[in-house]
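Work through the exercises below with the coordinates open. Each task is followed by a stepwise solution.

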Amino acid sequence: MPLWMRNFQSLLNIFLKSNCPLCERPTSQEVCQNCTQKLQRSCLPNPGVRWNQPLPVFAWGSYGGTLKLAIATMKYKNHPEIARPLGQYLGNAWLSSSTARNTKCIVVPIPLHSEKQKKRGFNQAALIAQSFCETTGLQLKVNGLERVQETEAQYGLTVSERQKNLAKAFRIGQDFRHILKTPVLLIDDIYTTGATAKSATQTLHQSGIRVLGIVATATTFNPNNPSYNSR
Ligand SMILES: [Zn+2]
């Protein structure tokens, strides 16, 4: 949604209270105060704990509870507006982390296959990226990558099978059909095995574009529960 339209929507919401998409309570915001508090409790104590090679990961929250509900509601119940607060949380966490300081980069969302995006009506990663960039002031290139292969059946595959499945999933998008010296920061809604991020990184590397790392709203990795991470 263009910025003017979203501003207009926010203005409209002040006059027309709608219901919170997560709990149905009336609210003038995208998500009500109560759910906002619950969402903010999903924040990991140190989102940058895995900011190390080969692919640095910065993940804001633990994938579960209200955060899981918010992401599912956004994607599957047609509530793209939820991307705005999620992008803000991620952006604020990024700004206050030592990782981000003085880091110049271009933000690129993990794209959806065009058929899937047409069906959903939006790419949640692109909307989160837009809000993330409004918060951080970083440059956004929505079409830095294109998804050329539908990779629907990822469930039930092992990590190596997933990587193989994703090996040719992406190609350089129209925004990057020239030499790019600034590194890219990838962004996605959920980070799980990292197979998607690795595939996107490989595509960018093949074109001589450096990837700084990936930022994600949620991760299944939980430093307080190591047994959960091996799933
Ligand atoms: Zn609510």
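A salt bridge here is a side-chain nitrogen of Lys or Arg within 4 Å of a carboxyl oxygen of Asp or Glu. The model is predicted.

**Exercise 1. Find the salt bridge between arginine 171 and glutamate 146, and state what it joins.**

Step 1. Take the N to O distance: 2.8 Å. The cut-off is 4 Å, and the two side chains meet in a salt bridge.

Step 2. Arginine 171 sits in strand 7 (residues 170-172) and glutamate 146 in strand 6 (residues 145-147), so the pair ties together parts 25 residues apart in sequence.

Step 3. Check accessibility. Arginine 171 is partly exposed at 44%. Glutamate 146 is also partly exposed, at 26%.

**Exercise 2. Count the salt bridges in the whole structure, then describe the others.**

Step 1. The search returns three.

Step 2. Glutamate 30 and arginine 84 form one of them, at 2.4 Å from N to O. Glutamate 30 lies in the loop between strand 2 (26-27) and helix 2 (33-40), and arginine 84 in helix 4 (residues 83-95); the pair therefore ties together parts 54 residues apart in sequence. Glutamate 30 is buried, because its relative accessibility is 14%, under the 20% limit. Arginine 84 is partly exposed at 23%.

Step 3. Lysine 75 pairs with aspartate 189, with the closest N and O atoms 3.0 Å apart. This pair links distant parts of the chain: lysine 75 belongs to helix 3 (residues 65-76) and aspartate 189 to strand 8, 114 residues apart. Lysine 75 is buried at 13%. Aspartate 189 is buried at 4%.

**Exercise 3. Determine which side chain of opposite charge is nearest to aspartate 188, and what surrounds this residue.**

Step 1. Locate aspartate 188: strand 8, residues 184-191.

Step 2. Look for a partner. The nearest side chain of opposite charge is arginine 147, 6.2 Å away. The cut-off is 4 Å. Aspartate 188 is buried yet has no salt bridge.

Step 3. List the contacts, leaving aside neighbours within four places in sequence. They are Ile110, Ala125, Ile214, Val215, Ala216 and Thr217.

**Exercise 4. Find the cavities of 30 Å³ or more and characterise the lining of the largest cavity.**

Step 1. Take the volume. The largest cavity holds about 40 Å³ of space.

Step 2. Read off the lining: Leu44, Asn46, Pro47, Val49, Arg50, Val57, Ala59, Thr219 and Phe221.

Step 3. Sort by class. Six lining residues are nonpolar, two polar and one charged.

Note on methods
Residues numbered from 1 in each chain as written. Predicted model: local features only at pLDDT ≥ 70, side-chain atom pairs only at ≥ 80, totals over all residues. Heavy atoms only, no water. 1 Å grid on protein atoms, 1.4 Å probe; cavity = no way out; pocket = protein on both sides within 12 Å on 5 of 7 lines; lining within 4 Å. Points joined across faces, edges and corners; volume = space filled by probe spheres on them. Nonpolar A, V, L, I, M, F, W, Y, C, P; charged D, E, K, R; others polar. Helix = DSSP H or I, 4+ residues; strand = E, 2+ residues; numbered from the N terminus. Buried < 20%, exposed > 50% of the residue type's maximum accessible area, 1.4 Å probe, protein only. Lys, Arg positive; Asp, Glu negative; His and termini not counted. Contact = heavy atoms within 4.5 Å.
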